[in-house]
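Have the sequence and the coordinates open side by side. The report below walks through strands, helices and the chain contact in turn.

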Amino acid sequence: MAKERLIVVGNGMAGCRAVQEVLKRDPGRYEITIFGAEPRVNYDRIMLSPVLAGEKTFADIVINDEAWYRDNAITLHAGRAVQAIDRQARIVSAEGGLEVGYDRLIMATGSDPIRLPLPGGDLQGVVTFRDLDDVEAMVAASAQTGARAVVIGGGLLGIEAAYGLVRRGMAATVVHLVDVLMERQLDASAGFLLADALAGKGVATELGAVSEEIVGVDGRVAGLKLKDGRTLPCDLLVMAVGIRPNTSLAKAAGLEVGRGLIVDDQMRTSDPRISAVGECVEHRGQCYGLVAPIWEMCKALAAGLTDTAGAYEGSVLSTRLKVSGVDVFSAGKFAGGEGCEDIVFRDAGRGVYKRVVIEDGKVAGAVLFGDAADGAWYFDLMRQSAEVADIRETLIFGQTATEGLRGLDPSAAVAALADDAEVCGCNGVCKGAITGAIVAQGLSTLDEVKAVTKASASCGSCTPLVEKLLMLTLGDGFKAQTGPKPVCGCTRHGHAEARRRIVAESLKSMPAVMQALEWSTPDGCASCRPALNYYLICAWPGEYRDDKQSRFINERVHANIQKDGTYSVVPRMWGGMTNSDELRAIADVVDKFKIPSVKVTGGQRIDLLGVQKDDLPAVWADLNAAGMVSGHAYAKGLRTVKTCVGTDWCRFGTQDSTGLGVRLEKFMWGSWTPAKVKLGVSGCPRNCAEATCKDIGVICVDSGYEIHVGGAAGLHIQGTELLTKVATEEEAIWTICAVTQAYREEGWYLERIYKWMARVGLDSIRAQVEDPQVRRALYDRFAYSQRFFRIDPWAERVAGRHSDEFTPLSRRMEFEPA
Amino acid sequence: MNALVKDPIAWTDVGAVTDIPLRGARRVPTPGGNVAIFRTGDGLVFALKDACPHKGGPLSQGIIHGHAVTCPLHAWSIDLATGEPMGADRGKGCAPVVPLEVREGRLFLGRT
């Protein structure tokens, strides 16, 4: 009996693997013909990245060489794309008029790279990254000295392309639409680490960048213009923005096509003689671009073609990759989701980040960066839907740590550990070394153990284990230590440590701080985020970009939220001075926006209460038009400078207290501080401006200016203490700015000046401001920071900045029936 | 989503997912009061009635962290998935969950 004829359209990984699976099951059954559009044998497309990087050659990545086709009596038509399928006659026709009949047909046409429809997309030097021809074009471009590449797309392919080009000596930048690299595989923290690792390897990244146009000179690519107006110059532009199932042939043949070529669990298309596998396929609504599910599909397909049992039921995906030399793993709901909990582990020393997502007591997903060794284990737990409540405490430390301790209560588990069990992974310290040192050297505290053995001296994640060992070894002789109070439940570090390391280690972004200090949550909480945002602003005034989402609502909308969700608006009145124009403008605003309450504040200004959020920008626009700016009555920053009328009017006034107050306010407004700062300037010791209960107060006397600090008149009432006395108004300003800057740099978030003073001591503050050089340096740092922050936030919002904050997302449901 | 949520009788397209900043929220006025739609740091979206179970504070104005929001009025933390207060305030009421679907990057809010 003549053999059945099997034709495979596609000589790629899926097509050839399907043939291998068929041959494995029934080697003699079919007469096999393979058509390939590329003029070469079957190769491993995944390994194109190392070929681009110059780490492998084409010969290294061939999966099946010519001998394989010959030995299995397979006819290969390489370089001959199939042009049509006649399903009635069961004939395929290919380039060059070749026609071949079939009994069974496998479609393995793979996918096409997506080309963005950008202007300039047809310029020379614009390529995709899909096949060997693309790689050869990129290698040729990299041969020019000083050549630059831009890669659009921060997925795996784009990153690999950029990394390969850098290895070839090009400068390369990855431009990614989203804020997170590889966002389908990584969460924001891991994406940040990847960007950081890439920077270390010379690959630049532009995140959240929208491509607008490819700019050309003489028909060749010269740069990529971004929507923000910048142009990134380049000699090569790689589009690596994704793939799309290649279904054109199937569609022309009248097969059922959705996003991909639709198949059942036996990989059959709508024509029972035609099956399909690989990236061209849509199975149960899913298209796959990874190799593992495709191998599973090939098995099901081969089973169907050889009348053996087997079905493809979809894949639970996990990704384990080495991205440009870094181990990465992700699976399942790695980014969490409704009803999920996170367990996060960070080891800054090794650049490791792990996040395991738990849902209903089971592992629902994981993302691992820098150490992916336990990926397979988490993936197994996930697929088996194993209950993990019992191993939750050690789950994040991986399989070895967990299975060694399973079923024991924590203390017994520690007691049961073998002496050579590793306790501190960072420094490679085993249990025996720790207990040995405790006994031999009489150690009794965690710090001593750290100092002697290095255990728990790096990431600190084994601290509970080390403490248990101390407890076990010493019995009642051990007392747990109490360190500084942590910033919040997301970290074990206190404010001082966070501030110190932000500066010492040049940490300039929130993810950088959270990684370096091993935060235990993915993106902090409502306590730590505002604190870190302030510390970063204070440390890097010209560089750090304020994170609006880490600010309390009042600082985000530049007004004070009231109990009913409306806002109060307080325009600045410099030194408490106003005039008829300002008052008239305020009165007009009150009428126009029907503002229900107007109140004079204790800080010598006027509060407009009950403003609707949507009205805020319009209210500000009107106040701005009359020359008024935000009073920052909402800010952890400079609020008011209260003054008396001083020598202008008062018969007792000794100095121009109003003038000094106005000068101070005009210089210091807009500055951010750990907590609110209120100033007062009184023109004589009668102290009508109540300066001695302000954060910083000035009492003018005949011979000069007394500077007082550390007053409070809220929950806590406290008079100021005299800091120093100066002779001139100039010196008074220098001193006040210097003390403010010292407070900005040393204060903990939400710590008022009086608390800071109690903590560091008045003498230490005085020593700083009475040393002319230190005072000058503090003043200069304050003045530098003010270059960026002495800006009216109202005017910025009126001009349209963050306008989405003030308008509803949609008004389409406003008047619908309830 | 949540057993307490009734089947919506109608869906309304209220905008794109990307109209909401990461770790941000936007409001949608409805005849029954504002609905808050939240977008968390990992890109998920949730919808709750924009009123804290404590004193009715506008949750859309809070700080979003993990899958929780902290109310701007008295700093209660609310679980975005269930609308229930977390920590010490657990069990003290609930901000009702509003049906929300994402279809091809658009947000559809359900009316029940």
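Gly216(A) stands opposite Val221(A), a residue of strand 16 of chain A. The two strands involved are strand 15 (residues 211–217) and strand 16 (residues 220–226) of chain A; they run antiparallel and are joined by 6 bridges. Together, strand 15 of chain A and strand 16 of chain A make a hairpin, with 2 residues between them. In that turn, Asp218(A) has a positive phi of about 55°. This is a predicted model, and every value here is computed from it.

**Sheet in chain A**

An open sheet of 5 strands in chain A has the order 23-24-27-26-25, with antiparallel pairing. Strand 23 (318–323) and strand 25 (340–347) of chain A stand at the edges. Each has a single partner strand, so one side of each is left without a neighbour in the sheet. On average, neighbouring strands of this sheet are turned by 15° against each other, direction ignored.

Strand 25 of chain A pairs with strand 26 (residues 352–359) of chain A over 8 bridges, in the antiparallel sense. Ile343(A) is found there opposite Val356(A) of strand 26 of chain A.

A helix lies across this sheet. Helix 10 (residues 375–383) of chain A spans strand 23, strand 24 (326–332), strand 26 and strand 27 (362–369) of chain A. Helix 10 of chain A runs at about 160° to strand 27 of chain A.

**Helix pairs in chain A**

| Helix pair (chain A) | Angle | Axis distance |
|---|---|---|
| Helix 1 (residues 13–25) and helix 9 (residues 291–305) | about 40° | 8 Å |
| Helix 14 (residues 431–440) and helix 16 (residues 463–474) | about 50° | 10 Å |
| Helix 17 (residues 495–504) and helix 19 (residues 528–539) | roughly 40° | within 10 Å |

Next come helix 14 and helix 16 of chain A, packed at an angle of about 50°. That makes helix 14 of chain A oblique to helix 16 of chain A. The crossing of helix 14 and helix 16 of chain A is right-handed. Helix 14 of chain A brings Lys431(A), Ile434(A), Thr435(A), Ile438(A) and Val439(A) to the contact. Helix 16 of chain A brings Val466(A), Leu469(A), Leu470(A), Thr473(A) and Leu474(A). By class, the residues of this contact are 7 nonpolar, 2 polar and 1 charged.

The axes of helix 17 and helix 19 of chain A cross at roughly 40°. That makes helix 17 of chain A oblique to helix 19 of chain A. The crossing of this pair is right-handed. His495(A), Ala498(A), Arg499(A), Ile502(A) and Val503(A) of helix 17 of chain A meet Ala531(A), Leu532(A), Tyr535(A), Leu536(A) and Ala539(A) of helix 19 of chain A.

**Chain B**

In chain B, 3 strands form an open sheet in the order 2-3-4, and the pairing is antiparallel. Strand 2 (24–30) and strand 4 (45–49) of chain B are the edge strands, each pairing on one side only. Neighbouring strands of this sheet are turned by 25° against each other on average, direction ignored. Strand 3 (residues 33–39) and strand 4 of chain B run antiparallel, joined by 5 bridges. Ile37(B) has Ala47(B) as its bridge partner in strand 4 of chain B.

**Chain contact and confidence**

How many residues of chain A are in contact with chain B? The count is 35 residues of chain A, against 38 residues of chain B. The side of chain A that touches chain B has 14 nonpolar, 9 polar and 12 charged residues.

The model scores ipTM 0.86 and pTM 0.66. Chain B averages a pLDDT of 89, and 92% of its residues score at least 70. In chain B, confidence is lowest in strand 9 (residues 106–111), at a mean of 91, and highest in strand 4, at 96. Where pLDDT is low, the predicted coordinates should not be read in detail.

Methods
Residues numbered from 1 in each chain as written. Chains lettered and ligands numbered in written order. Predicted model: local features only at pLDDT ≥ 70, side-chain atom pairs only at ≥ 80, totals over all residues. Contact = placed C-beta atoms within 7 Å. Nonpolar A, V, L, I, M, F, W, Y, C, P; charged D, E, K, R; others polar. Axes fitted to C-alpha atoms, helices over the stretch in contact; angles between N-to-C directions. Helix = DSSP H or I, 4+ residues; strand = E, 2+ residues; numbered from the N terminus. Pairing = 2+ DSSP bridges. pLDDT = per-residue confidence, 0-100. Parallel < 35°, antiparallel > 145°, perpendicular 65-115°, else oblique. Left-handed = near helix turned anticlockwise from the far one by under 90°.
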